[in-house]
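Visitor: Can you walk me through this one? I have the sequence and the model open.
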Amino acid sequence: MKIAVIHDYADAFRRTRAYPKLKGHEVVVHTDAYTDPARVVEQVAGCDALVLTQQRVSLTRPVIERLPQLKFISQTGGNVYHLDVAACTEHGIAIAAPSRGAGDSKNPYSTTAELAWGLILASLRHIPFEVERLKQGHWQSTAGTRLYGRTLGIYAFGHIGAAAARVGRAFGMKVVCWGREGSTARAKAEGFEVAPSREAFFENADIVSLHLLGGKETRGIVTAADLARMKPSALLVNTSRAPIIAEGALVAALEKGRPGFAAIDVYESEPVVGAAHPLLKMKNVVCTPHLGYCEQESYESIYGGAVTRLVAWLEGKPVDVINPEVLARKR
């Protein structure tokens, strides 16, 4: 069986405990980042099965139609919006994916929350700038901003937002939350303050960290008016999804100076190659290439699940198939 693993940017799959479980099969791992759908066809043509790394690539109908040998897709995450499920079904390709939210929900820690704090510290203490200056032969030239006593705004108190809020409290910050009723109820239950209004939330925060899920309901939920209310000294952090901020609003707001700074891990179209994004050219922004969940144990988890589903299919006992009509058709 020939199996392709694509968009494994960090070449993490071959270091996981799951990789040896595919011994005896021809496994081809591709690590390059690209946006051209034709590259998917190039890399997956002739393969029987495909392991996708999260939602890093879209498999549209034209792509599916050019992969006649493909019979199974194992998706690492619960979101499948990047797949044309109908086209896969028509062409006899089974898709297996975990249910959304699957994982250890009781774990109080979050790799994305860790990354959010890395971005906050990098921005407020000018760490990337000072590291480069030191390498160039210069000594310190900036004055940072301390966390103690500052106001941290957490937008959406879910698993990740809650983890970020707890760290803020440990740093001696005033943590204020905002979100839907269920979100604010969870924040109150943990003893966190809830802003009296949306306007007050954005106006008073020194740091606003966004932790909303992506999707139609949250698209553009952070508006230009929200950003305009932020302090010139404030920092906006987004480790969730780029479309939760109204299109073009963040760049325009940063140019106007409200907020004064941003730390960003997510973009409207990914991967961003060739530095082709306006935020990368702004001195008041710290950018990372969607690193939120990218650490080895997270890869162990998502690739482990993907391989378990793939092996089950290979053994004729498929699980977590979201288009089971494909399986029924083969009986």
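Visitor: Which strands does helix α1 lie across?
Guide: Helix α1 (residues 37-44) lies across β1 (2-6) and β3 (49-52). Its direction is at about 150 degrees to β1. Angles run from 0 to 180 degrees between N-to-C directions, with axes fitted to C-alpha atoms, for helices over the stretch in contact. Helices (H or I, at least four residues) and strands (E, at least two) are DSSP runs, numbered from the N terminus.
Visitor: And what does α11 touch?
Guide: Helix α11 (residues 296-314) packs on the sheet and touches β1, β3, β4 and β5. Contact means heavy atoms within 4.5 Å.
Visitor: Where do the numbers come from?
Guide: This is a predicted model, where local features need pLDDT of at least 70, side-chain atom pairs need pLDDT 80 or more, and totals for chains, interfaces and linings use all residues. Residues count from 1 along each chain as its sequence is written, and side-chain values use heavy atoms, without hydrogens and water.
Visitor: Back to the sheet. What's the strand order?
Guide: β2-β1-β3-β4-β5, an open sheet with parallel pairing. Strands pair if DSSP finds at least two bridges between them. The edge strands are β2 (26-29) and β5 (94-96).
Visitor: New topic. Is Asp-8 buried or exposed?
Guide: Buried, that is, under 20% relative accessible area with a 1.4 Å probe, protein chains only. Asp-8 sits in the loop between β1 and β2.

Terms used
Buried means under 20% relative accessible area, exposed over 50%, partly exposed in between (1.4 Å probe, protein chains only). Lys and Arg count as positive and Asp and Glu as negative; His and the chain ends are not counted. A salt bridge is a side-chain nitrogen of Lys or Arg within 4 Å of a carboxyl oxygen of Asp or Glu.
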